[in-house]
Amino acid sequence: MLNKAKLLLSILSLTINLLTNAQTVFQSKPTRLLVNDLLTRHSFGMTIVGCQYYGDPRSISSFATTSEHLPVRSGIILTTGIATWAGYPNDSRSSGCGMFTPGDARLEKIAGLKTTDAAILEIDFIANSDEISFEYFFASEEYPEFVNKGVNDVFAFFIEGPGYDGPQNIAVLPTTGEAISVDNVNAKHNSEFYIENQHWTGYFTEVTSDLPSLFQFDGMTTKLEAKAKIQPYAKYRLTMAIADVGDNIYDSGVFIKAHSLKSAGKLQPIAPYLKSEIEKRMKLIGLERIRVKGDTVGFDKTIHFDFNSYEILSEDTTALNEVAELLRIFFDAKLKLIGHTDDVGSDEYNIDLSLHRAQAVADYLHQRGVSQKRISIDGKGKRQPIVRAQTDAARRMNRRVEFLIYNNRNDGKE
């Protein structure tokens, strides 16, 4: 009896310790905040240009766990049910909740069956290398009862954009390239990628980790990585989607690791891509030629300042809006603005005026969303005219601002 009592006390002590120290916190946030705050950072070589969620609002959430036994400790969860239920003890073999929302046609092509309760997160992004990646794991209440029973919930990560004929699923096994499902990742098949969660019967469950008291799903994959080849500085759409198949009783979820969505490939020189994009906008910006030296692209743009003025006129706003759009696409580039004047007035006065003109352009671009940290200014006054004739037309052309757009890895010198 004494040994049994000691065993019970030992189990109770371990259980209380696990319950006391382990917890998972879920937070509902607007989609943009979820993506910007949790999935990526500008320092990771990407910029998010748009995002949208489709599905029941209870099926998406942020999560953060103190457990060391989940494959991912924090990030975003997408489920076919209620996201917060993932944090319940695993005290049911068939946890689930029908959301009675539509399915997804792309997922139905993978599953071969009708889907319901879809949770879909679309992310439009631009990256500065030739590959993106992120980490995740998949979990389901269909483990282990519905392995190889012909009906599995389905999830996918679709990439689409330049170089792809249509949406391509990158949620695949690294060894075989198969789409991941309950059928092909379980205790008997690709078991190196599978983690079983023990059933939780209460305080007297003999456990070796905190998962049964903390995590509802009966089984899950190990942490996996999704990768996709891309073209630098081109817009792509990444769609993260999950749905119920066949019924809406047994739930599944996919967990995307916080701050793991990043530009993971080889960094590319910015100049060829930037030059190509500027050439598409030559007429709108009002350019006749551009200059490329190293990884810097330069062009002179005549800003139609009135004599002795640094006020930007309405006739130049279209051109400056195009420059702002360029800097949105080339999100990791910096801009140097160099102001110039005509030949009327002293050197000292014109240096000051040219600086004000460059600053006026910088202020306009900042109002259009370009960070001030990305812009530097200089003023050359009347020292570098592009037309030396002393006519009104020549002087008007010399009242201009020079643009140098360059990669952060150099100093903006041509």
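Predicted model: local features only at pLDDT ≥ 70, side-chain atom pairs only at ≥ 80, totals over all residues.
**Entry 1. Strand β7 and its neighbours**

I then turned to β12, which pairs with β7 in the antiparallel sense over 7 bridges. There I noted V154 opposite A243 of β12.

Is β7 enclosed or open to the outside? I recorded that 6 of the 7 residues of β7 are buried, so the strand is largely enclosed by the rest of the structure.

**Entry 2. The sheet that holds β7**

I next placed β7 in its sheet. The sheet is open, is formed by 5 strands in the order β2-β5-β12-β7-β8, and has antiparallel pairing. Which strands stand at the edges? They are β2, residues 46-54, and β8, residues 168-169, and each of them pairs on one side only. I recall that strands of a sheet pair through backbone hydrogen bonds, in a parallel or an antiparallel way.

At the β2 side I looked up the pairing with β5, which is antiparallel and extends over 8 bridges. I48 has F125 of β5 as its bridge partner. I also looked for a helix against this sheet.

**Entry 3. The nonpolar cores**

I then asked which residues touch the most other members of the largest nonpolar core. This core has 47 residues, and those with the most such neighbours are L78, F125, F134, Y136, F155, F157 and M240. Strand β5, residues 115-127, gives the most to this core, with 5 residues.

I took L78 for a separate look. Setting aside neighbours within four places in sequence, I found L78 in contact with several residues, including Y53, A119, L121, M240, I242 and V254. The list for L78 also includes S59, I60, S252, G253 and I256. Another core lies apart from the largest one; it has 37 residues, among them I270, L287, A324 and L365.

**Entry 4. A second sheet**

I moved on to another open sheet of 5 strands, with the order β15-β16-β19-β17-β18 and mixed pairing. Its edge strands are β15, residues 291-293, and β18, and each pairs on one side only. From one strand to the next, the twist averages 20 degrees.

I checked both ends of this order. At one end, β15 pairs with β16, residues 296-301, in the antiparallel sense over 3 bridges, and K293 stands opposite T296 of β16. At the other end, β17, residues 333-339, and β18, residues 375-379, run parallel and are joined by 5 bridges. I338 has D378 of β18 as its bridge partner. I followed the chain from β17 through helix α8, residues 347-367, to β18, and I recorded this β-α-β crossover as right-handed.

Helix α8 lies across β17, β18 and β19, and runs at about 160 degrees to β18. I also noted helix α5, residues 271-280, which lies across β15, β16 and β19 and runs at about 30 degrees to β16.

**Entry 5. E402 in strand β19**

I looked up E402, which is in strand β19, residues 401-407. Is E402 buried or exposed? Its relative accessibility is 9%, so E402 counts as buried, the limit for a buried residue being under 20%. What does the side chain of E402 contact? I found a polar contact with the side chain of R291 at 2.8 Å, and another with the side chain of H340 at 3.3 Å.

**Entry 6. Backbone exceptions**

Most peptide bonds are trans, and most residues other than glycine have a negative phi. I noted these exceptions.

- The peptide bond from Y143 to P144 is cis, with omega near -20 degrees. I located P144 in the loop between β6, residues 131-140, and β7, residues 154-160.
- D117, which is not a glycine, has a positive phi near 55 degrees. D117 is in strand β5, and D117 is buried, with a relative accessible area of 1%.
- H259, also not a glycine, has a positive phi of about 60 degrees. I found H259 in the loop between β13, residues 252-257, and β14, residues 262-263. At 25% relative accessibility, H259 counts as partly exposed.

Definitions and conventions
Residues numbered from 1 in each chain as written. Heavy atoms only, no water. Core = buried A, V, L, I, M, F, W, Y, C linked by side-chain atoms within 4.5 Å. Buried < 20%, exposed > 50% of the residue type's maximum accessible area, 1.4 Å probe, protein only. Helix = DSSP H or I, 4+ residues; strand = E, 2+ residues; numbered from the N terminus. Contact = heavy atoms within 4.5 Å. Pairing = 2+ DSSP bridges. Polar contact = N/O pair within 3.5 Å; in protein donor to acceptor, adjacent residues only side chain to side chain. Right-handed = clockwise from strand over helix to strand, strands pointing away. Axes fitted to C-alpha atoms, helices over the stretch in contact; angles between N-to-C directions.
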